[in-house]
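Reader: Please take me through a few side-chain features of this model and how to read them.

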Amino acid sequence: MSYMPVKHDFEKSRNEKEKVMYNLREKEKTYRCDYETPSGGTWPNKQINFVFRLLSAIYTFFAFLVAICLIPWLFTMFIFVRICRIAFVSWLENKFQGLEFVQRTTVRTAVDTPRNQGIITVLLTVQGPCQLHFIKNRIQTDIIEREKNGRLVFPHLRTMLTSRWGNYAWIKGSEKQFRIDNQIVLASGNFKGRPVSDTNIQEYVSDIIAKLLPQELPPWQITVIPTQQDKTYLLIRLHHLYLSEDGLSLGELLLLRNDDYLLTPTGIDPWADGSVLAGVFKTPVVIPQVYEQLCECLANWWNELLSAYDPSDGNTFAILRQLTLKTYIIRCIIAYVSVIKEYMKDRNPRLREILKKEIGKRNLTRKILWRSIVNTFDIYSILHSMIALSWKVPIITVKMPVKIIRAVLDTPVYLYWLYLAHYVIKESVYLIKIFYTAPRVIFEEIFLPEHPRNVHELQTLSFCGRKVVNWSEPVPLETVKEIQRTTGATTSEVVMSAVSSSLRDYFISAGFVVPHTLMTTCHFTPRDDLFSRSGHVTSGMLCLQLPTETPCSDPIVCLKALQKSLYKARSTQAPLYLASVYQFDYGLFTTIFPTLFAKACLYLLSRRYTVTVTQIDSPIRSSNKTPRELLWGQRVDKIMYWRPPQANVGLSLTVIRYDNTIQLGVMSDAQLLPYQSVIANSFPNHIYKLSVAAGAPQTSNEGTNQ
């Protein structure tokens, strides 16, 4: 009966998840018929459908079979690549002793070039005058000079970055040349002879970003842009290695106050399905809880075993226990587990010393082993066991009715575990299905050639590596909510429909042929996770075909086309989503394959997916909508974040929700000038047009823009 309260937590978490996903499932039912083969129809159609399903099943099976056959080769390649990479880095460290080489290879590290580095860019619009001294003091004392156990937490913020033989390395001793004034600079308040204002700030920021960070300085910089208005712009540029290798979080470098205490847990957010990744993967609920219960039971059993048999730490009961072969084997198991725990815990483990120490604690010698064998097969011990067994049989017979009554009273517990077992089997079947279809889905989405109607000019351009940025006017979140109430679409569908229409406008303005659909990679990042101080952000990926060949005069048609495309991606790409999560968290692809091979594959894939979209939204767990503040209390009116486009990716779009508004940020290669600004300028107009077409109530901002 002790495990019954867990049922309430399980039901609560499962009900919350089902409520969050209910609206999404109901809206997507209307699009299912467009992508699933109908079961009815005439006899020839039924035969065709049966043959099609049979061929599809055979295709899926052979793809899975090939993937299973490749596992030993992939494991062998992983070991070989791992050994070669360690040996190569060791050779580089011996050859260039003044450098500290980066050990891990990520996706961004593989595609980095001196002219096209992965520089994370954030722009803060701060209320009030410039506070340059506060910024320098806080960065210097709170981040650069922060220590833990007598060592600097972020030592590489002082050192310069270089590259040797395709590997990044930090220059030792360059921290002596570090000056905070070189990293935090005050820009001019005038641009091209005019004071900085809302009319020219985008051009000013693009001009700064287009210039590469100086190679003689650490690869990060904060540019303070003062204005004659009551606002200041903070432009933060940061190399991706600080986030992936050093564990530095954007929230620390942005000097944002930690407002976790202001977050109000709400359980269910009515806009929770606003994520573009919502519904791609159904996170198991019961399996983690059952696993936690089993771990708790195992821990209790292990502690009882230690108290009964482990003689270390002066356990009198275990010391006085008669030595038998069973006792000796259990002590060996305890020693083996203790060796593994100590080996994993120690930073510089020495297996022989740990093994000798644990064996000595439990006195596992040959003499004790022989003594245990003698005690086990001693004639008096055997007779004693037989007499004890003869006494136990009648006692068990007498106690049997009591045990039956207890079993009947514990029936709710057994039913509860059967109830959990049902959902464990259901979730396990779902996970097995994803694992089984994963080879086919990944192969189709990544390697199959796309339709000729989807080929466009961005896939043929050669990018220079210089970046320019733009951002749209803020759109009130209430406008998007009104569209949601009127059309039944989710917030992500409304926003992505406007993004799709804006990209269509770009192709028309640039004189390019508008593709039928535009292949994009979509990411979702919770805003509070991105700007928190945890330093860890997990974001999966979705390959979404944005419908661009849609009528300009009918936003409702564009929205419906986007909904169908999004449903198709969500319903088929769970394996690809999980693979991207494991890649971002553990570097799966770049760890198994050699760097040159991974780089070639990434360049080929980025030639197909030349546009990436990142959605930054509020998390489900909070209802805090107040703007954030800097550490000294200045209010942050706006935040704009750009994910750097690399390799053959020419456009990086960011949809960010902040302070009850939604904005679109555009970072593009300089080769796309001057038409890339059409994307940001068209975004709010398409949302307002959709609002009018849907008959949603107009807000004050919307009426002004019409």
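Reader: Which ring does the charged end of Arg-164 sit over?
Author: A charge sits over a ring if NZ of Lys or CZ of Arg is within 6 Å of the ring centre and within 35 degrees of the ring normal. Here the charged end of Arg-164 lies over the ring of Phe-96, 5.8 Å from its centre. This is a predicted model, in which local features need pLDDT of at least 70 and side-chain atom pairs pLDDT 80 or more, while totals for chains, interfaces and linings use all residues. Residues are numbered from 1 along each chain as its sequence is written, and side-chain values use heavy atoms, with hydrogens and water left out.

Reader: How many aromatic pairs does a search of the whole structure find?
Author: A pair of aromatic rings is described by the distance of the centres and the angle of the planes. Rings of Phe, Tyr and Trp (its six-membered ring) pair if their centres lie within 6.5 Å; planes under 30 degrees apart count as stacked, over 60 as edge-to-face and the rest as tilted. The search of the whole structure gives 19 such pairs. One of them, Tyr-506 with Phe-512, is edge-to-face, at 6.2 Å centre to centre and 75° between the planes. Elsewhere, ring pairs join Phe-64, Phe-435 and Tyr-436 into a cluster.

Reader: Is Tyr-506 buried or exposed?
Author: Buried means under 20% relative accessible area, exposed over 50%, and partly exposed in between (1.4 Å probe, protein chains only). Tyr-506 is buried because its relative accessible area is 2%, whereas Phe-512, at 23%, is partly exposed. Of the 706 residues of the protein chain, 46% count as buried.

Reader: Which residues of helix H4 are buried?
Author: Helices (H or I, at least four residues) and strands (E, at least two) are DSSP runs, numbered from the N terminus. In H4, residues 132-144, the buried ones are Leu-132, Ile-135, Lys-136, Ile-139, Gln-140, Ile-143 and Ile-144. Seen down the axis, they fall within an arc of 120°, so they line one face of the helix; the arc is that of the directions from the helix axis to the C-beta atoms. Contact means heavy atoms within 4.5 Å, and the buried residues of H4 pack against elements including strand E10 (220-226) and strand E11 (231-239).

Reader: Where is the place of Thr-227?
Author: Thr-227 is in the loop between E10 and E11, and it counts as buried because its relative accessibility is 17%. Not counting residues up to four places away in sequence, Thr-227 touches Val-196 and Tyr-233.
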